[in-house]
Amino acid sequence: MRAWTIHELGPYDEVMRLEEVDRPLTAGDDEVLIDVAACGLNFPDLLLASGDYQEKPDLPFTVGQEVTGTVAEVGGGVEGLEAGQRVVALPELGLGGLAERTRAKVTDVFAIPDWLGDDAGAGMFLVYQTAHVALHRRAAIREGETLLVHGAAGGVGTATIQVGKAAGARVIAVAGGPEKVAVCRELGADEVIDHQKDDFVPVVKDLTGGRGADVIFDPVGGDVYERSGKVIAFEGRLLVIGFASGTIPTPALGYPLVKNFSIVGVHWGLYRRRAPEVIRETHDALLELARTGAVAPHLHARLPLEDAVEGLRLIADREATGKVVVHVR
Ligand SMILES: NC(=O)c1ccc[n+]([C@@H]2O[C@H](COP(=O)([O-])OP(=O)(O)OC[C@H]3O[C@@H](n4cnc5c(N)ncnc54)[C@H](OP(=O)(O)O)[C@@H]3O)[C@@H](O)[C@H]2O)c1
């Protein structure tokens, strides 16, 4: 089968090679083999290639953290899934989705309905799960609250705009440049701040009559995190999602004390092993939102397997809005 393979760690565009690989996979107990249709690309794919991700698969390996496809084979003990069924899945680390066939643990495989296309399915798993778990489970967002979304035109940001709107929040999005601002508006943000033109701090104060935002979703970190403390409301929740800026902030704890707000960590991936029922419940909730049209992933690019490196470049160079999806077959 064809697979993008990494034989040595380094910059993704130097170390990834599309090869015919001899990788006979078998499905052990509680495992599922999947013929991949589409693979959603994510920022951590870049980190895996360079060896900067927290987990390091054995060489050689393939990246690609989320796929849609059809079940090819199920191992012992697998119930509720059968060959030919359409699914979305999180492949085993190292056996990523930029390959024609992959393998996943049964707890990481979820049936999808016929009305959900392969591209949409591959583009709306990780980021929508993260947005939903962050806003509902971790921040307990309420209808009518104000949600401030940083990195709002990115993968998790675009998902959070839609999940926030579906929860009845007033959404203020922050993005850089006119194209990204337009994407945030199309996705339903009530207000959009272009951080290349305006400092979000005074604008958010102005838009909220000085109250600040009840929930702040921060996948950027660094200075963005530091200054978010200036615009969070009384009893607000500041969601720590990621550090796309490359800087992990060291928060001054005086702020949460004097302003009565909470700093709330979110590591969605931990639910896979600690509380998989949360992911299954969230999958059902998101499918219902997708069925009613309340959420639909914004796909920046749909590329053939041969162009997967170009897809990763769009993410690396900060050009992508929403999701980049690769057609594998
Ligand atoms: N906690 C979790 O469970 C979880 C789950 C998924 C993702 N994440 C993390 O969340 C972060 C964002 O992921 P994503 O998929 O949304 O990525 P993405 O699609 O690349 O979007 C990131 C956004 O961050 C902004 N940004 C600010 N400074 C940046 C910089 N120096 N380089 C690149 N982007 C920068 C960009 O927006 P502007 O250009 O508009 O400023 C960009 O659109 C990543 O760190 C990822 O690992 C965490």
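In which handedness of crossing does H4 pass H5? The crossing is right-handed. The points below concern a predicted model.

1. Domains. The chain is divided into domain 1, residues 2-124 + 297-327, and domain 2, residues 126-269. Taken over C-alpha atoms, the centres of domain 1 and domain 2 are 28 Å apart. Their contact takes 10 residues from domain 1 and 11 residues from domain 2. On the side of domain 1 that touches domain 2, the residues are 2 nonpolar, 6 polar and 2 charged.

2. Ligand shell. There are 30 residues around the ligand, and those that come nearest are Gly151, Gly154, Gly155, Gly242 and Trp268. At least three residues of the shell come from each of domain 1 and domain 2. Helices H2 (43-50), H4 and H5 each supply at least two residues of this shell. Sorted by class, the shell has 16 nonpolar, 12 polar and 2 charged residues.

3. H4 against H5. Helix H4 covers residues 126-138 and helix H5 covers residues 155-166; their axes lie 8 Å apart and the packing angle is about 50°. H4 and H5 are therefore oblique to each other. On the H4 side, the contact is made by Val127, Tyr128, Thr130, Ala131, His132 and Leu135. On the H5 side, Gly155, Val156, Ala159, Thr160, Val163 and Gly164 take part. The contact of H4 with H5 has 7 nonpolar and 5 polar residues, with no charged residues.

4. H4 against H11. H4 also packs with helix H11 (residues 276-291), at an angle of about 100° and with the axes 10 Å apart. An angle from 65 to 115 degrees counts as roughly perpendicular, so H4 and H11 are roughly perpendicular to each other. H4 contributes Tyr128, Gln129, His132, Val133 and Arg137, and H11 contributes Val278, Ile279, Thr282, Ala285 and Leu286. By class, the contact of H4 with H11 has 6 nonpolar, 3 polar and 1 charged residues.

5. H2 against H12. The axes of H2 and helix H12 (residues 308-316) come within 9 Å and cross at roughly 105°. H2 and H12 are therefore roughly perpendicular to each other. Phe43, Asp45 and Leu46 of H2 meet Leu312, Ile315 and Ala316 of H12. This contact of H2 with H12 divides into 5 nonpolar residues, no polar residues and 1 charged residue. H2 is also one of the helices that supply at least two residues of the ligand shell.

6. Backbone at proline 60. Most peptide bonds are trans. The bond that joins leucine 59 and proline 60 is cis, with omega about -10°. Proline 60 sits in the loop between H2 and strand E4 (66-74).

7. Backbone at glutamate 235. Most residues other than glycine have a negative phi. Glutamate 235 has a positive value, with phi near 60°. This glutamate 235 is found in strand E12, residues 232-240.

Key:
Residues numbered from 1 in each chain as written. Predicted model: local features only at pLDDT ≥ 70, side-chain atom pairs only at ≥ 80, totals over all residues. Axes fitted to C-alpha atoms, helices over the stretch in contact; angles between N-to-C directions. Helix = DSSP H or I, 4+ residues; strand = E, 2+ residues; numbered from the N terminus. Parallel < 35°, antiparallel > 145°, perpendicular 65-115°, else oblique. Left-handed = near helix turned anticlockwise from the far one by under 90°. Contact = placed C-beta atoms within 7 Å. Nonpolar A, V, L, I, M, F, W, Y, C, P; charged D, E, K, R; others polar. Near = placed C-beta within 6 Å. Domains from an automatic or database assignment.
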